Amino acid sequence: MSESQSKGSLLLAWQVKDKHCLVIGAGDVALSRINHLVIAQAKITVITGQNGNIHPDIIKLNEQEIYSKIQAQINNENFEIVCCCIDDYTLSTAIYYQCKYLGINCNIADKPHLCDFYFGSMINEKNLQIMISTNGQSPRLSKLIKDSIQKQFINGVDLNIAVENLGAIRAKLRELKLVDKIDPNDNLPIIEKRMSWIKTLTDMYTIKQWSSKRLLQQEIETIVNYFPDFPPSI
Ligand SMILES: C[C@@]1(CC(=O)O)C2=NC(=C\c3[nH]c(c(CCC(=O)O)c3CC(=O)O)Cc3[nH]c(c(CC(=O)O)c3CCC(=O)O)/C=C3\N/C(=C\2)[C@@H](CCC(=O)O)[C@]3(C)CC(=O)O)/[C@H]1CCC(=O)O
Ligand SMILES: NC(=O)c1ccc[n+]([C@@H]2O[C@H](COP(=O)([O-])OP(=O)(O)OC[C@H]3O[C@@H](n4cnc5c(N)ncnc54)[C@H](O)[C@@H]3O)[C@@H](O)[C@H]2O)c1
């Protein structure tokens, strides 16, 4: 890789649904980690301190039984990730090395050299998620950039409607169970055709147009039935 190429992190959409994730601490930072894990539908365990300093929203979530608050030993559990958000640097460092010993990926809040992954500023609009990272250079700037992107949702463009419309069209198209006329056992030509069709269709209308109206099931079917041709452009 040449020096001129940019360097950053590997930004992924980590699938932790139903996987066991551990949050240590119960303050503001722990709450933000928990909220991200709730959205990702993880199985969450929170270890709180013994001084009773638990964020009220964490208590509320627990009452809703969205996650289970139990005391757990890291050693006895197969955790997908560990998020440590406590105000005890010595203990955090020990937790980091214990996680490394056990091969668990972990994030020690605000200690970049003790993080296998960073949290970024997140926009969570149902299926549309946007993460901003400055790779540790300026978390506050990450937040400001996120806030400025988020204004798009307030200014009359609900991008999530575009996500839903195109998600539904893609799902309907795949339901058609198309087969290749030349070789019915070969799926590849159909996949190629389907991908190229959905790419062209997505590009035919602007993001604003895709966001302007939630399509009805019947309208989705009408659009998909044009395949391999296209509906008229607006
Ligand atoms: C984005 C966000 C996500 C989240 O935590 O959910 C996040 N920090 C947020 C806020 C924030 N954190 C800090 C401030 C004070 C102002 C400032 O410093 O700017 C503010 C601003 C505020 O509170 O408004 C202090 C701070 N943070 C780190 C250090 C250590 C260092 O720099 O060495 C210090 C200095 C501590 C000290 O001085 O001792 C380190 C990390 N913080 C990260 C993430 C990772 C890098 C992500 C990236 O670069 O994009 C990384 C590397 C590791 C991690 O923690 O995962 C969240 C915004 C949430 C939102 O969008 O609302
Ligand atoms: N990203 C940010 O905005 C930000 C701001 C300030 C601090 N921080 C960093 O993140 C850490 C947590 O921040 P916070 O604002 O949530 O702090 P906080 O003081 O609100 O919460 C700390 C939590 O850790 C718990 N705790 C302490 N020792 C524990 C132990 N041995 N076992 C289990 N739990 C224990 C406490 O009970 C408390 O719930 C800070 O220490 C700091 O390193 C981050």
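I began at ligand 1, where a polar side-chain atom of lysine 146 sits 2.9 Å from one of the ligand's oxygen atoms. I note at once that this is a predicted model.

Staying with ligand 1, I looked up two further contacts. The side chain of asparagine 107 has an N or O atom 2.9 Å from an oxygen atom of the ligand. Phenylalanine 119 takes part through its backbone, with an N or O atom 3.0 Å from an oxygen atom of ligand 1.

Which elements give two or more residues to the shell around ligand 1? I found helix 1 and helix 4 (139–154). Helix 4 provides the largest share, with five residues. I counted 21 residues around ligand 1, and the nearest are Ser121, Thr134, Gly136, Arg140 and Ser142. Sorted by class, the shell holds ten polar, six nonpolar and five charged residues.

Next I turned to ligand 2. Here I found 17 residues around the ligand, with Ala26, Val29, Asn53, Asp87 and Asp110 the closest. The shell of ligand 2 splits into seven nonpolar, six polar and four charged residues.

- Asparagine 53 has a backbone N or O atom at 2.8 Å.
- Valine 29 has a backbone N or O atom at 3.0 Å.
- Aspartate 28 has a polar backbone atom at 3.1 Å.

On its own, ligand 2 has 840 Å² of accessible area, and the protein covers 65% of that.

I read an open sheet of four strands, in the order 2-1-3-4 and with parallel pairing. Why is one side of strand 2 (43–47) and of strand 4 (105–108) left without a neighbour in the sheet? Both stand at the edges and each has a single partner strand, so one side of each has no neighbour there. Averaged over the sheet and with direction ignored, I found neighbouring strands turned by 15 degrees against each other.

Strand 1 (residues 20–24) pairs with strand 3 (residues 81–84) in the parallel sense, over four bridges. Within this pair I found valine 23 opposite cysteine 83 in strand 3.

Last, I looked at two helices. Helix 1 (residues 28–39) packs on the sheet and touches strand 1, strand 2, strand 3 and strand 4, its direction making about 165 degrees with that of strand 1. Helix 3 (residues 89–102) lies across strand 1, strand 3 and strand 4, and runs at about 170 degrees to strand 4.

Key. Residues are numbered from 1 along each chain as its sequence is written. Chains are lettered from A and ligands numbered from 1 in the order in which they are written. This is a predicted model: local features need pLDDT of at least 70, side-chain atom pairs count only at pLDDT 80 or more; totals for chains, interfaces and linings use all residues. Side-chain values use heavy atoms; hydrogens and water are left out. A residue is near a molecule or strand if one of its heavy atoms lies within 4 Å of it. A polar contact is a pair of N or O atoms within 3.5 Å; within protein, one must be able to donate a hydrogen and the other to accept it, and residues adjacent in sequence count only if both atoms are side-chain atoms. Accessible areas come from the Shrake-Rupley method with a 1.4 Å probe; for residues, only the protein chains shown count as cover. Ala, Val, Leu, Ile, Met, Phe, Trp, Tyr, Cys and Pro count as nonpolar, Asp, Glu, Lys and Arg as charged, and the others, Gly among them, as polar. Two strands pair if DSSP finds at least two bridges between them. Axes are lines fitted to C-alpha atoms, for helices over the stretch in contact, and angles run from 0 to 180 degrees between N-to-C directions. Contact means heavy atoms within 4.5 Å.
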